[in-house]
Structures are given as structure tokens and as C-alpha cells.
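Please keep the sequence and the three-dimensional view at hand while reading.

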Amino acid sequence: MSELVNPTVNTRPIALEIENLVVGVGKSGAGKKIIDGISLQVRQGETLCVVGESGSGKSVTSLSTMGLLPRDSLKAIGGSIKLVGEDVLQASDRRLRQLRATTMAMIFQEPMTALNPVVPVGKQIDEVLRTHTSLGASARRARILDMMEQVRLPDVKRIFASYPHRLSGGQRQRIMIAMALVLEPKLLIADEPTTALDVTTQAQILKLIRDLQKDHGTAVLFITHDMGVVADIADRVAVMRHGRLVETGALKDVLSAPTQDYTRNLLSSVPSLVPRAAREEAGFNPVVLEANELGKVYRERSMFGKPREVHAAQDVTLTLRKGRTLGIVGESGSGKSTVARCIVRLIDPTSGGIRLAGREISDLSRHALQPHRKKIQIVFQDPYRSLNPRITIGESICEGPINFGTKHSVAMARARELLELVGLPPDAVSRYPHQFSGGQRQRIAIARALALDPEVLVADEAVSALDVSVQAQVLRLLDDIQTRLGIAILFITHDLRVAAQICDDVAVMQHGRVVEQGPAAEVLANPQQPYTRQLLDAAPGRGWDFANFRAVDGSTTVPAA
Amino acid sequence: MLGYLIRRILAAIPVMGVVALFVFLLLRLTPGDPAAIIAGDNATPEQLDRIRTQLGLNEPLYTQFFSWVWRLLHGDFGTSLISNVPVLQMVNQRIEPSLSIALCVMLVSILVAIPLGVIAAWKHGTWIDRFVMALSVIGFSVPVFVIGYVLVQVFAIELRWFPVQGFRSISRGFGPFFERITLPTIALSFVYVALIARMTRAAMLGVLGEDYVRTARAKGINESGVLFRHALRNAAVPVITVIGTGFALLISGVVVTESVFNLPGIGRLTVDAVLARDFPVIQAMILLTSGVYVGVNLLIDLAYALLDPRIRY
């Protein structure tokens with residue numbers, strides 16, 4: 001935390017100094033300015049967090065520094081980026097290649113795709129040493145194994161020879177970090193390095209970056225959209241928006257006394273980990289959805305020996321009443337999406353029952369299920385892929401009702417109403433998905449789900465891909481729709497902050513089982529199970545009450561440098 | 001890996017069995033008396049009888065099938081009705097020209113097309129890319145016999161660098177073999193270069209946008225390392241597929257090229273057999289072609305497994 005930062009940091013040499021950087025669209029950079037006069041500096045041993053929503057230009061800034069801007073679409077046309085005094089914008093391609101990995105290194109958001117799938121990971125790290133050093137094979141190997149131990153990978157010799165698909169997301173990100181730091185660069189650029197990871201893994205990786213930074217004195221330029229992560233790792237913060245710097249300052253100053261409205265809004269949008277006030281008990285509301293000891297087993301056939309069985313969900317029992325929101329929270333692989341998909345019967349459960357509006361639907365055939373489908377609808381995570389790009393918004397929304405016998409003109413009129421309900425202009429019916437932003441598309445997806453007047457709406461990570469300010473709007477929309485239509489919502493999320501703000505009840509899942517279940521106010525404020533506690537402890541930014549611009553007492557998970 | 005190989009080879013057996021059944025029934029299910037078809041319109045009843053006995057046509061169908069398969073497994077593909085030469089011997093004579101041309105064309109095409117495709121993708125949108133794509137359109141659209149006759153006219157008749165036509169076995173020296181195989185190889189390579197270059201470019205374009213390519217660049221690796229070490233291997237699967245099927249097509253005969261350059265290959269043997277209704281030869285050619293496709297598909301799948309560790313055996 002900033003208040004604990006060693007004051008000598010301000011006298012340390014500057015590792016990176018960006019002055020008045022301008023990046024324009026197009027081969028010559030003559031088009032729209034994506035970055036418009038950014039100035040930043042990072043000293044050795046210091047972490048600067050660049051925070052902003054999508055489109056703010058934070059990733060473009062980091063790619064400019066590495067000289068990795070896509071050549072035919074973006075170009076730096078003004079300012080300078082000095083890496084230990086040397087302007088990388090003026091450097092030749094050859095010089096840039098020399099600087100990469102030796103003086104500056106970068107880790108990326110998606111550890112799943114950032115490693116070459118057809119090359120063993122040890123060899124991928126080795127490539128850095130072969131390119132930049134003249135060490136012999138055994139010396140390189142020794143150095144790599146040592147680095148792999150430093151990033152706390154287990155069984156390094158085995159992992160050295162493993163292909164990326166054999167490793168977990170956290171392990172892959174550790175490999176990326178080992179690869180980035182093996183030559184002890186002065187500057188490490190981390191572009192959303194923990195965004196794709198589970199909270200517990202995220203906490204570990206953040207701690208690892210902190211520790212390695214302390215050991216090696218690396219300057220870290222940390223790009224993130226997540227205020228919680230900022231609170232845990234930053235010494236200083238730079239807030240970006242539309243390619244400009246909104247404000248910059250020490251962590252504590254920015255979080256507790258933001259000077260700009262935009263920063264204030266951004267901070268206020270961060271959902272609080274403290275559960276919202278419980279709504280009126282709805283014991284008399286009818287139960288609309290029940291899952292009874294639901295199970296899903298995947299069997300992998302094998303030619304020799306026993307088939308391998310994976311229990312994706314086991315003995316999951318849930319109850320959802322009209323007008324209420326039940327959250328299923330858990331990390332990736334916990335089975336929460338499997339349960340959601342079983343309940344909607346997108347996949348078939350292998351055991352247990354599902355009662356929808358009083359009717360058992362788990363054993364209905366595809367045909368017999370048809371009339372019940374309209375009672376339960378689902379909204380998916382990625383609004384960029386869940387709408388057919390070649391079908392107009394109106395047709396997408398109408399497709400369900402028409403399938404159930406509604407006349408086209410009636411369905412289209414209803415689509416216009418629904419678009420208004422979700423806060424979009426009714427004339428959006430004739431437009432195509434690519435004409436809308438991510439948040440707008442998610443509104444469309446919600447309108448599509450509502451078109452069939454379902455009794456249950458399943459939201460599978462429905463706000464996870466959205467920026468916090470947009471996320472806050474969509475959460476308000478869901479809340480509003482629930483109040484107006486009395487719909488029941490099954491809300492699947494990995495984000496405890498979101499769960500705390502929207503759910504009445506919460507079920508925590510781990511390894512396919514529900515480990516803890518109850519009213520959100522109890523489960524999230526006073527967890528009984530160690531796993532729930534572990535999840536809450538790992539949630540980034542626990543030490544801050546962002547919306548009220550103040551620190552809360554209690555310890556933070558990442559020890560200060 | 002070995003287990004995978006064995007499973008795949010075992011899986012090829014039923015496929016070939018079905019093909020054999022089809023080939024067998026081809027003659028039996030053709031309307032009319034097979035013996036009459038074989039003997040032709042002017043055969044005497046004695047001749048028909050002799051043919052029936054010779055072919056075992058008086059036996060029950062399944063006995064005929066199994067004894068036919070049994071003979072196949074012992075290398076007896078029957079005797080040509082036209083030339084009275086054993087079919088296996090005829091095929092043996094024709095396989096070398098076909099195999100030689102197939103291997104040469106594939107080798108030349110791969111060596112030319114893959115670098116072209118990689119460079120086109122790397123320089124995506126520039127004149128280099130457009131030039132390569134234009135070449136590939138020409139390669140697709142100009143018929144092979146036009147290219148063939150132009151090559152013969154220029155290099156064989158005018159410049160006298162190469163013989164006009166014919167084939168010489170490699171066992172009789174590399175020089176004469178090379179002289180005669182060059183022009184047909186070039187003529188046929190055009191379309192394969194076009195095909196493979198296009199496929200390579202498309203696959204590379206997809207891969208070059210991947211995160212791990214960005215990672216490779218962030219490591220400070222030079223462009224050739226990025227393109228060939230990191231990108232090409234990931235782009236290889238669709239390219240290998242095209243190369244494999246192209247190779248199978250080449251082995252099973254390229255009639256036009258064989259005709260232009262007067263090569264005694266499989267393609268012309270097949271066409272001649274079909275025109276003369278030489279059933280034993282037709283049957284052998286179908287079996288050969290199917291066998292080649294099954295074999296090539298097996299090799300393609302093995303290549304996938306070797307190239308991509310994520311594909312499980």
C-alpha cells in the first residue's frame with residue numbers, strides 16, 4: 001500500500017518515462033488519435049497501475065512501449081518513450097528486438113493463449129536465452145529451472161518438458177512471468193495479467209509479482225481495469241480515459257481523494273464486497289425453480305481400461321422463489337455453469353431432478369420439453385458472440401415468440417417494447433449487433449431472453465465481460481426488471497462483489513458441489529466454510545471501500561513491498 | 001503414439017473391406033450376365049460357359065466374394081481381359097511414372113508454395129501479397145494442358161533443353177530420369193503451388209493474429225523465427241490436409257498430363273481400362289485408389305498428432 005512505500009522510491013532512477021505520447025490510427029498514424037498526449041513515469045522498484053475502461057488506450061500505451069503496435073493500423077506519431085534514457089520510438093527494429101526481454105519484458109492477459117501450444121514451455125523460455133545470451137545448453141537449463149523455482153512452480157523438471165495445455169492457467173502465467181524475468185529486465189509491463197485467473201490464483205500471482213519486484217528491483221507498469229487489483233498492487237495510479245490521462249497520483253491519494261469526476265464515478269461503480277441490505281423475506285412467494293440433488297457426470301470412453309469419469313456437478317440442491325435472485329458463485333471448474341446449463345436443459349443432467357414452475361423437467365424428452373423452454377431463459381457471458389451477427393436485433397428478439405406461435409407483427413411490436421424496457425431506442429430492431437457496444441448488446445441479450453415472458457432468467461456470468469460502469473448499469477437494469485416483472489433470477493458469477501450486490505441468496509460451489517448456501521448477507525459477511533472464507537480473503541481490494549473513498553480496517557491480502 | 005498408430009491401422013481394415021465388397025459387386029450387379037459383358041457381343045455360348053467357370057460365376061455369391069478376396073490377399077488381381085497380362089504386372093509397370101511425378105510435384109510445390117504463402121501472409125495487404133494471390137489465380141485458371149504444351153513448345157522444341165515426351169526409369173540413371181520428369185512436374189506444379197500457397201497464406205493469417213505470436217515478438221525473436229518457428233507449425237494442420245489429398249489425387253492418376261507428355265502412368269491405364277471395359281483392371285484401380293486415400297488419410301492424422309501435442313492419441 002502506498003502509505004507503506006519506502007520513501008526513497010522517489011529518488012530511484014527512472015526506468016520508463018513516457019512524454020506526450022500520441023498514437024494515431026492508420027499506417028501513418030494520421031487517423032483518429034487513440035492516445036493523445038500521455039505522460040507517465042515509472043521508477044525502479046515501483047509499480048504504476050494504469051487503470052481505465054476498455055477503449056481507454058491503456059493497452060496501446062504498453063504495446064507502444066514494447067514496439068509491438070500492429071504496423072498497418074496504429075502508429076506512434078508524437079512524443080517519446082524513454083526506457084532507461086533511450087527513446088524506443090526512435091530505435092531501429094533490431095535495437096528494439098535487443099531491448100525486448102533484456103531491458104523490458106511483458107506479460108499478457110490470457111495465459112491460455114499467450115504460449116505457443118506446440119512447443120514445450122521450457123523450450124519457450126529457453127528461446128529468450130538463446131536469442132539474447134551466449135550461454136551453453138546446460139547453463140541455460142540451470143538458469144531456467146532456477147527461474148521456474150523462483151516463480152514457485154512445483155516439479156520444475158517435469159513442467160520444463162510439458163506442453164502448455166498440460167498446465168493450469170495460473171501455472172501458465174507463472175511460466176510467462178519466468179520468461180519475462182529470466183534476463184532481469186529493468187521494466188516489466190503486465191497487461192491485465194490476472195484478469196483471466198480465478199481469485200485465489202490471482203492473489204497468488206499478484207503476490208508473486210510483488211515479491212519478484214522486491215528481489216530484482218524491477219519497475220512494473222501494471223495495466224488493469226480492476227480497482228481491487230489496483231488497491232492491492234499499486235504504488236502509484238494513473239487513470240486513463242479516451243486516450244488521455246485523467247489523473248495520476250499515489251495510490252492512497254487517488255483512492256481516497258480523487259480530484260476528477262471520472263475517477264470518482266469509476267470508484268463508485270466498484271460493487272462493494274459488503275452484501276446489500278437484505279430484501280424483505282419472500283417465504284410466501286411461490287417456488288419457481290428447484291434443483292434436487294442434480295448431478296452431471298462426464299464419461300470419457302477409453303479403448304483400454306476403465307472409462308474416466310468427471311463429476312462436473314454432484315448433489316446440487318437449490319431453491320429459487322418468484323422475484324428473488326439466487327447466486328451461484330465459485331471459481332472456474334467449480335461446476336456453476338454446468339449447473340446452469342443443466343437447469344436450462346442445454347445439457348442433460350445425469351441424475352437428480354429439476355422442477356420448473358411445479359413441473360419436473362429433467363426427464364422430459366426434447367419434444368416434451370419444448371413448451372417449458374419459454375419459462376426459463378438464459379443470458380450468456382460474452383455479448384459479442386451470443387448474438388448472431390447476420391440477423392437484425394428485431395429478428396433475434398422475435399425468433400423465440402414466433403417459434404411459439406406469435407404472429408410476426410405482434411412479436412416485432414413486443415420487441416420494440418422490450419428494447420425500451422432495457423433502455424435502448426425501439427428503432428434498434430432493424431440494426432445489427434455490430435452497431436452496438438458490449439453493454440448495449442448485453443441489454444439486447446436480456447431483451448431477447450425476456451421476449452418469452454420467462455419465469456426464471458438464468459444469467460451466466462452476464463456482466464463479467466463488461467466494464468465496471470457498464471456492469472453497474474446492467475446490474476441496475478436486472479434489478480429494475482425484477483421489481484417490475486417479478487421474475488426470478490439465477491445469477492452465475494465468479495465475482496463476489498457482484499454477487500454481494502445483486503443476490504438474495506448465495507450458493508458457493510467447489511469441485512462440483514455446493515459447499516455453503518444461505519442468505520447472501522450471511523454467507524458473504526459471515527462465512528462458515530473455510531473455502532468461502534478463502535474466496536473472500538482472496539478477493540482483491542478487500543482493504544478498500546471504493547464507493548466511499550476510504551480504507552476499511554482489516555488486513556490486505558498482498559503484503560506491501 | 002504407437003497404440004494410436006495401431007488403432008488407426010486396424011480401423012483402416014473395415015474401410016478397405018467395404019471398398020472390396022463394393023468393387024466385387026460392381027461387376028456382379030451390373031445389369032446382364034457378367035460373362036456376356038466380359039466376352040462381348042459376339043461370344044459363342046461355349047465361350048460364355050468357359051468364362052463363367054473361369055470366374056467361378058456358377059458358385060454362390062458369398063463363396064465368389066471370399067475366394068476373390070483370398071486371391072487379392074495373395075497378390076492375384078486377375079488377368080486383363082484385353083491383353084491377358086496379369087493385372088498386378090500391368091499396375092507395377094505403371095506405378096513408377098505416377099509415383100515419380102507425384103513425389104516431384106509435391107516436393108516442388110511445397111518448396112515453392114509454403115514460402116510464398118508465408119511471405120504473402122506476413123506482407124498482408126501489400127503488393128507482394130497481391131502478386132502472390134494473382135499468381136495463384138493464374139495457377140488455378142490456366143488448364144494444365146495449356147501450360148504443358150507451352151512448356152513443350154518453348155523448352156523442348158525451341159530451346160531443346162529437354163526431350164519432348166516420355167519417361168525413363170530412375171534405375172536407368174538419374175540424368176535421363178530428371179530430363180524427362182522436369183517439364184511435366186513444372187506443368188502440374190502450377191495448380192498445386194496455387195492451392196498450397198493460398199492455404200498457407202490463409203492459415204498463417206489466422207495464426208499471426210494469435211497471442212503467442214505477440215509473445216514471441218515480445219521476447220525479441222527476429223521475424224523469421226516468429227514466422228517459421230512459431231507461426232508456421234501452428235498453421236500447418238490445414239496445409240498438411242491439402243498436401244495430403246493433393247498427393248493422393250496425383251498418385252491415382254493425372255490423365256491430361258500423362259497424355260500431354262506421353263507418360264505411361266496410372267491415369268491412362270485407368271482410362272484405357274474403362275473405355276475397354278477391362279473389369280479386372282478397373283477393379284484393381286479402384287482398390288489401389290481407395291488404398292492410397294486410406295493410407296494418405298492415416299498419414300495426415302499422424303502428422304496432426306505429431307504437429308499438435310493437444311491432439312490425444
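In what order do the strands of the open sheet of 6 strands in chain A stand? The order is β16-β17-β18-β13-β19-β20, and the pairing is mixed. The model is a predicted one.

- From one strand to the next, the twist averages 15°.
- The pairing of β16(A) with β17 (residues 456-460) of chain A is parallel and comprises 4 bridges.
- Within this pairing, A:I378 has A:V458 of β17(A) as its bridge partner.

- Strand β8 (residues 219-224) of chain A is mostly covered, with 6 of its 6 residues buried.
- On one side of β8(A) the buried residues are A:A219, A:L221 and A:I223, and on the other they are A:V220, A:F222 and A:T224, so that both faces are covered.
- Strand β3 (residues 47-51) of chain A runs parallel to β8(A) and is joined to it by 5 bridges; here A:V51 stands opposite A:T224.
- Strand β7 (residues 187-191) of chain A is also parallel to β8(A), with 5 bridges between them; here A:A190 stands opposite A:F222.
- From β7(A) the chain passes through helix α8 (residues 199-216) of chain A to reach β8(A), in a right-handed β-α-β crossover.

**Contact between chains A and B**

- The contact involves 21 residues of chain B and 23 residues of chain A.
- On the side of chain B that touches chain A, α9 (211-218) and α10 (223-251) of chain B each supply at least two residues.
- The most is given by α9(B), with 7 residues.
- By class, this side of chain B has 9 charged, 6 polar and 6 nonpolar residues.

**Residue B:L73**

- Helix α4 (residues 61-73) of chain B contains B:L73.
- B:L73 counts as exposed because it has 9 C-beta neighbours inside 10 Å, where 12 or fewer is the cut-off for an exposed residue.
- Between B:L73 and B:A231 there are 158 residues in sequence and 45 Å in space, C-alpha to C-alpha.

Methods:
Residues are numbered from 1 along each chain as its sequence is written. Chains are lettered from A and ligands numbered from 1 in the order in which they are written. This is a predicted model: local features need pLDDT of at least 70, side-chain atom pairs count only at pLDDT 80 or more; totals for chains, interfaces and linings use all residues. Two strands pair if DSSP finds at least two bridges between them. Axes are lines fitted to C-alpha atoms, for helices over the stretch in contact, and angles run from 0 to 180 degrees between N-to-C directions. Two residues are in contact if their C-beta atoms, placed from the backbone, lie within 7 Å. Ala, Val, Leu, Ile, Met, Phe, Trp, Tyr, Cys and Pro count as nonpolar, Asp, Glu, Lys and Arg as charged, and the others, Gly among them, as polar. A residue is buried if 20 or more other C-beta atoms lie within 10 Å of its own, exposed if 12 or fewer, and partly exposed in between; C-beta atoms are placed from the backbone. A crossover is right-handed if, with the strands pointing away from the viewer, the path from the first strand over the helix to the second runs clockwise.
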